[in-house]
Amino acid sequence: MAELLRTHPLEGWSAAFERLPDTVRITVEPYVAMVDVRLGPVPAEASTALGVDLPTAPNTWVPAGTGRAVWLGPDEWLVSSTTETPEELEARVRAAVLPLGGSAADVSAQRIGLRLTGARVRDVLAKGCSIDLHPRVFGRGRSAQTALGQAGVVLLALSDAGDNHGVLVRSSFAGYLAEWLLDAALEFTPTPTR
Amino acid sequence: MQLIACPWCGPREEVEFSYGGQAHVPYPDDPGALSDEEWAHYVFFRANPKGRFAERWNHSAGCRRWFNAIRDTATYRFERVYRLDDPKPVIP
């Protein structure tokens with residue numbers, strides 16, 4: 001039987017990403033376990049059971065252990081972990097929120113992560129979305145679910161300087177978004193000398 | 001592109017939203033007593049004013065929540081945006 005190798009959807013783009021300048025650096029993040037949490041009103045015991053205060057302010061994220069808890073809606077969060085397997089994370093979060101009337105579903109295979117670093121990253125992102133990305137507004141701890149180009153993404157602000165952003169994109173849209181980002185970064189990419 | 005202020009997420013591009021028709025259409029109090037004609041009016045008949053119109057919108061590319069908006073159908077300007085459980089605002 002043929003062995004099925006786990007390949008990353010953006011493997012074919014790694015060479016193109018390496019040619020980018022330091023002002024727009026795109027790196028592909030390793031797979032992380034992610035769980036979609038639905039919970040109506042957040043009771044006080046949720047934070048002790050989960051080990052994290054789920055953010056209730058719209059468009060924010062907080063560190064949660066080794067991962068993050070991202071606000072996706074008034075009763076929906078994305079909880080990730082870099083150390084647990086998807087099954088472990090799902091079981092742990094489900095055990096915490098089920099008695100409170102919530103639910104948890106493993107969505108690790110849904111999105112992959114990209115890291116955009118550099119002084120020009122804001123200019124690149126601004127070509128595809130109308131969100132105010134100035135660090136005064138979109139500093140560390142802010143997030144946004146929006147459309148970047150034609151792809152739905154979750155944007156995460158990872159620094160207060162506005163030069164470090166996380167992008168979570170659906171795996172099937174990753175190729176499109178990679179092409180779009182490379183095109184948007186073209187003006188900051190030095191042309192090779194012949 | 002026009003920005004629509006989602007009551008949860010804030011101003012976002014218009015393409016992130018989808019339209020849900022007229023707002024504040026009450027479900028019949030006694031559905032069993034309705035005639036076919038009354039059902040048809042409840043299901044299919046909607047107002048089509050020129051001017052301010054209360055509508056349902058969904059932020060489908062963001063928080064995926066429904067909300068209501070009062071939009072001027074002549075100018076496409078969004079006069080008010082409010083959550084589903086808020087009463088219909090009165091605009092002078």
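Two strands are taken to pair if DSSP finds at least two bridges between them, and strands themselves are DSSP runs (E, at least two residues), as helices are (H or I, at least four residues), numbered from the N terminus. The model described here is predicted, so that local features need pLDDT of at least 70 and side-chain atom pairs count only at pLDDT 80 or more, whereas totals for chains, interfaces and linings use all residues. Residues are numbered from 1 along each chain as its sequence is written, while chains are lettered from A and ligands numbered from 1 in the order in which they are written.

In chain A, strand β5 (residues 76-81) pairs in the antiparallel sense with strand β2 (residues 33-38) over six bridges, and A:Val37 stands opposite A:Trp77 of β5(A). Strand β4(A) also runs antiparallel to β5(A), to which four bridges join it; here A:Ala69 stands opposite A:Val79, and the two strands form a hairpin with two residues between them. Five of the six residues of β5(A) are buried, leaving the strand mostly covered, where a residue is buried if 20 or more other C-beta atoms (placed from the backbone) lie within 10 Å of its own, exposed if 12 or fewer, and partly exposed in between.

A nonpolar core is a set of buried Ala, Val, Leu, Ile, Met, Phe, Trp, Tyr and Cys residues joined through C-beta atoms within 7 Å. The largest such core holds 60 residues, of which A:Val70, A:Trp77, A:Val93 and A:Val169 touch the most other members. Strand β9 (residues 151-157) of chain A gives the most to this core, with six residues. Because domain 1 (12-30 + 110-188) and domain 2 (33-106) of chain A both give residues to the core, it lies between them; the domain bounds come from an automatic or database domain assignment.

The C-alpha centres of the two domains of chain A lie 24 Å apart, and their contact takes eight residues from domain 1 and eight residues from domain 2. On the side of domain 1 that touches domain 2, the elements that give two or more residues are β8 and β9 of chain A, with β8(A) giving the most, three residues. The residues of this side divide into three nonpolar, three polar and two charged, with Ala, Val, Leu, Ile, Met, Phe, Trp, Tyr, Cys and Pro counted as nonpolar, Asp, Glu, Lys and Arg as charged, and the others, Gly among them, as polar.

Between the chains, ten residues of chain A are in contact with 14 residues of chain B.

In chain B, four strands form an open antiparallel sheet in the order β3-β4-β5-β6, with β3 (18-22) and β6 (78-82) as the edge strands, each pairing on one side only. Strand β5 (residues 66-72) of chain B pairs with β6(B) in the antiparallel sense over four bridges, and the bridge partner of B:Arg71 in β6(B) is B:Phe78.

How values were computed:
Contact = placed C-beta atoms within 7 Å.
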